[in-house]
Amino acid sequence: MNLMEKFAPEANKLSIKQYCPPRSFELAGKQFKFVLDTGEETGEYDIDFIDNYKLKWSFRGSEPKEETYELRKADEIIYLLSFCISGLVPRRNDTFVIDLEQMLVTYLRASAGENPCYPYVINTHFGFGYIAEEGKEHTDRRRHGFTGDVVGTAVGWRYGHQNASVHVYYDPSWYRIGYELGLEDKPHGTGKLRELTKEMPSSDEPCDYVKINDWMYLVSVTEQNMEKILGPNFMGFRSNTLCFLDNYHHLYSVGRGFGTVTSGEKERELFVMIGKIGRPVEVNEKYYTDPNPYMV
């Protein structure tokens, strides 16, 4: 029996979920108070992990609300938490980096419907703060925060055995898709995806980079230009926003995708957890120096 012939097609159906690690249940039964004192999103955010799948949340004293959550480990005691706010229109996703090593937290709110010209476009908003400990004052003024550390880096990320892409981090507020040196004209990734992106001026999309520590970064990208130009023609994916907690010690990453898929008159909510493995790659220098056609 050839196990690859038997199982590879089924594994490939998992797409960007193929290398995603299993849920972490380590925070079940625990409660947290996140004091967000820096950034756009400030205030106290309370999280009560009821069990392995459900939590209650409250922000700025709001009535506690129950949601189903996803939790993945990026390292021994650093977690990526994500959940969607049920019953809310337009849709919203809340994601956190829970850093128990430094007792710090990053909050990322991703919301659709804020742009009246493009209702599917998602905007992202950040808050940074610390994890309150009962009876202990948090005196460290350092926080996770935006950074340009990753600029000048290209990584070949593999999401599954037949699903890969090269990310070029060339600007503190942008990223672009590239190809390995010498492979620009070779088939790469999904053929249809490659053909569709040729209709774009470039693959540049807005991006935020957040430093968690010296070897871990949260990277948040949102397909805004793709939505504005291609709309439903991009295989039905509408302004998906992706965030990845990249661990450079292990060249491994956990992340989440949030957005909408439209097919004809049908509309489907997208929320998926992701895993990927990285490796250093060489790319043509143009990926670092070509102008961004979306900026004056």
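Residues are numbered from 1 along each chain as its sequence is written, and side-chain values rest on heavy atoms, with hydrogens and water left out. Because the model is predicted, local features need pLDDT of at least 70 and side-chain atom pairs count only at pLDDT 80 or more, whereas totals for chains, interfaces and linings use all residues.

The chain contains four helices and 18 strands, these being DSSP runs numbered from the N terminus (helices H or I, at least four residues; strands E, at least two). For 296 residues a compact globule would have a radius of gyration near 19 Å, and the value of 19 Å found for the chain agrees with this; the radius is taken over C-alpha atoms, and the globule rule is 2.2 Å times the number of residues to the power 0.38. Along the principal axes, the C-alpha atoms fill a box of roughly 60 × 50 × 40 Å. Buried residues account for 50% of the 296 residues, where buried means under 20% relative accessible area, exposed over 50%, and partly exposed in between (1.4 Å probe, protein chains only).

Nine strands form an open sheet with antiparallel pairing, in the order β4-β3-β2-β1-β9-β8-β7-β6-β5, two strands being taken as paired if DSSP finds at least two bridges between them. Strands β4 (65-68) and β5 (70-75) stand at the edges with a single partner strand each, so one side of each is left without a neighbour in the sheet. From one strand to the next the twist averages 30°, with axes given by lines fitted to C-alpha atoms and angles running from 0 to 180 degrees between N-to-C directions.

Strand β14 (residues 205-213) has antiparallel pairing with strand β10 (residues 145-146) over two bridges, where Gly-145 faces Lys-211. Two bridges also connect β14 with strand β13 (residues 174-178), again antiparallel, and here Tyr-175 is opposite Glu-205. Six bridges join β14 to strand β15 (residues 216-222), with Val-210 opposite Leu-218; these two strands form a hairpin with two residues between them.

Under the criterion of a side-chain nitrogen of Lys or Arg within 4 Å of a carboxyl oxygen of Asp or Glu, the count comes to 21 salt bridges. Lys-33 forms one with Glu-44, the closest N and O atoms being 3.3 Å apart, and this pair links strand β1 (residues 31-39) to strand β2 (residues 43-49) across 11 residues of the chain. Lys-33 also forms a salt bridge with Asp-46, at 2.7 Å between the closest N and O atoms. Relative accessibility is 30% for Lys-33, 40% for Glu-44 and 27% for Asp-46, so Lys-33 counts as partly exposed, as do Glu-44 and Asp-46. A network of salt bridges links Glu-41, Arg-60, Arg-109 and Glu-114; within this network, Glu-114 and Arg-109 have their closest N and O atoms 3.2 Å apart. Glu-114 is partly exposed at 35% relative accessibility, whereas Arg-109, at 16%, counts as buried.

Thr-241, in strand β16 (residues 237-247), is buried at 0% relative accessibility.
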